[in-house]
Amino acid sequence: MGGIELARPLYFWLGFLTTVAGVVLHLPMYLMGADMHYKLAGMPMDTPMTIGMVLLVVGLAATGYGLIPPGALKTKPAAEVKVKALDDAKMRPAHIGLIVVMSVAVIIDAMKPITLGFVAPGMGREYGLKSALNPMGDLPVAVLPLAGLTGTVLGSLLWGWMGDRIGRKPSILFAGVLFIGTAVCGAMPDFGWNLFMCLAMGMGAGGMLPITFSLLAETIPARHKGWVMVLIGGNLAVAYVAASWLSASLAPTYSWRVLWLIGMPTGVFLILLNRFIPESPRFLLAHGRDEEARKIMVRYGAAATTEEPAEVEKIEDDQGGGYSRLFRRPFTGLTVAVVVLGLSIGLVTYGFQLWIPSNLQKLGLDQQTADRALRDSALLGLPLIFVAAAMYGLWSAKKTILALSALVGVSLAVLAVAGESLARDPGWLYVLLAGPIVGTATIAAVLAAYSSEIYPTRVRSRGSGLSAGAGKFGGVAVTAVLVAGATAPSIGTTAVLGAVPLVLAVLAVALFGVETGKGAAVAAPEPVTP
């Protein structure tokens, strides 16, 4: 299984099957609502659903127990051996396979929070929630994405810690099983249960992306690492295409609920790909699993060195604290830039993107037309991913971030001025929407790659987790404002909410950002002479 055995495979697979069974037991109630266009609001839970809820708890607990290596949660001294992908290593079939699997993982992961924007209109109508389409509703529909995005913040931080403690691969697999379990959100009749499941879904979704990039940073050949991670992260835009396409194709017939139920088959598919997901060799060596580490290093062309750890690598041992160490020298300014850029991405993604399906429908487009417009805009902007990957790998990491931020900022500025009038001009609307949709996803991909390269191995998962968590926190902040305002703002207002923080992000990156080549000096300065 990718050169590494699961800690307790029997418990893992039994937990996985139990979780799947728990989801399946929720489907009868969903199917019973077919005559009512799958409207389940106000219906009591039936017996199979109650049993299914119990199985979900048991299944997730067994899965977690099966994934945690014995003694992994105890503090251990970090190993002095360091692992790096060889600079002159060629891309091998193993690397290509990993890139494909991680691309699938990113798409599945990103579809979860993206789907929030597409379920909000239908959920608002079914539960009578207050929104742009239903201004006379009671509870604001924004509480749903608030729950999901709060989960993504917690997940980004928790999975960052888990990746450093129990390993990259177990953390990814647990997120996949959590995706399966939280698919039951599509069958929940009570809105409160929807919020709870959405919170849990967000935790898994928020945790997987930073772990994925940390794993890639330790296995992809150094000279290919940057552009590969940007290319894989660009699948955030592919996920938007997939979510909008599924919404346009399935939601009119099977209601918004089917968009959550899709989480079960996609999660199962991800788990079945687990044999192609390796563990971090650095993590294995740090925990005394030398033979497993060597097998993976041979497979991916990595090498272990016995050099004395540089000053920054000793932070783990010499200083206490968790994420706080990322704000200490020599990382202080760099971490500030990462956090500010992450916050701006979150404000654009969850302030503008999240509400664009509702706002397009408010302008007179029906659901299918609005979803297809967003799908076409995302498809139009997809080439930007390849351009950004080339810029990052061949030109400059820092300047790529600045250029993409400026591009998205200009698009948002135009939309802020003339956004609502553009509904009469589909061509320009598609072009301008491509900037915030694909451009923001591409910046997020670049930031994820950037943050996984500029921090040393021992704190890399936490550095990546902080980057992702900052983006999600920006989403929580803007969504909380919308909850307080009890309605979704217009295209122009959300565009302004995104454009202003992007300007601040550009300034922060310009002042504190480093090139990844120079960042190597930040991540591994000269050793301190005793």
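Buried means under 20% relative accessible area, exposed means over 50%, and partly exposed lies in between (1.4 Å probe, protein chains only). This is a predicted model, in which local features need pLDDT of at least 70, side-chain atom pairs count only at pLDDT 80 or more, and totals for chains, interfaces and linings use all residues. Residues are numbered from 1 along each chain as its sequence is written, and side-chain values use heavy atoms, with hydrogens and water left out.

**Aromatic rings**

Phe-12 is buried, at a relative accessible area of 0%. Trp-13 is partly exposed, at 24%. Rings of Phe, Tyr and Trp (its six-membered ring) pair if their centres lie within 6.5 Å; planes under 30 degrees apart are stacked, over 60 edge-to-face, and the rest tilted. The structure holds 10 aromatic pairs. One of them joins Phe-12 and Trp-13: it is edge-to-face, 4.9 Å centre to centre, with 80° between the planes. Ring pairs also link Phe-12, Trp-13 and Phe-16 into a cluster.

The test is NZ of Lys or CZ of Arg within 6 Å of the ring centre and within 35 degrees of the ring normal.

| Charged residue | Ring | Distance to ring centre |
|---|---|---|
| Arg-8 | Tyr-65 | 4.1 Å |
| Arg-275 | Phe-276 | 4.9 Å |

**Core**

A nonpolar core is a set of buried Ala, Val, Leu, Ile, Met, Phe, Trp, Tyr and Cys residues joined through side-chain atoms within 4.5 Å. The largest has 152 residues, and Met-102 and Leu-433 have the most contacts inside it. Helix H4 (residues 93-127) gives the most to this core, with 17 residues. Helices (H or I, at least four residues) are DSSP runs, numbered from the N terminus. Contact means heavy atoms within 4.5 Å. Not counting residues up to four places away in sequence, Leu-433 touches Phe-352, Ile-356, Leu-360, Leu-374, Ser-377 and Leu-415.

**Helix packing**

H9 (residues 235-254) and H20 (residues 426-454) pack at about 140°, with axes 7 Å apart. Axes are lines fitted to C-alpha atoms over the stretch in contact, and angles run from 0 to 180 degrees between N-to-C directions. That makes H9 oblique to H20, a class left over once angles under 35 degrees (roughly parallel), over 145 (roughly antiparallel) and 65 to 115 (roughly perpendicular) are taken out. Leu-236, Ala-237 and Tyr-240 in H9 meet H20 residues including Ile-437 and Val-438.

Gln-353 is in the loop between H15 (332-351) and H16 (356-362). Gln-353 counts as buried, at 9% relative accessibility. Beyond its neighbours within four places in sequence, its contacts include Tyr-240 and Ile-437.

Notes
Helices (H or I, at least four residues) and strands (E, at least two) are DSSP runs, numbered from the N terminus.
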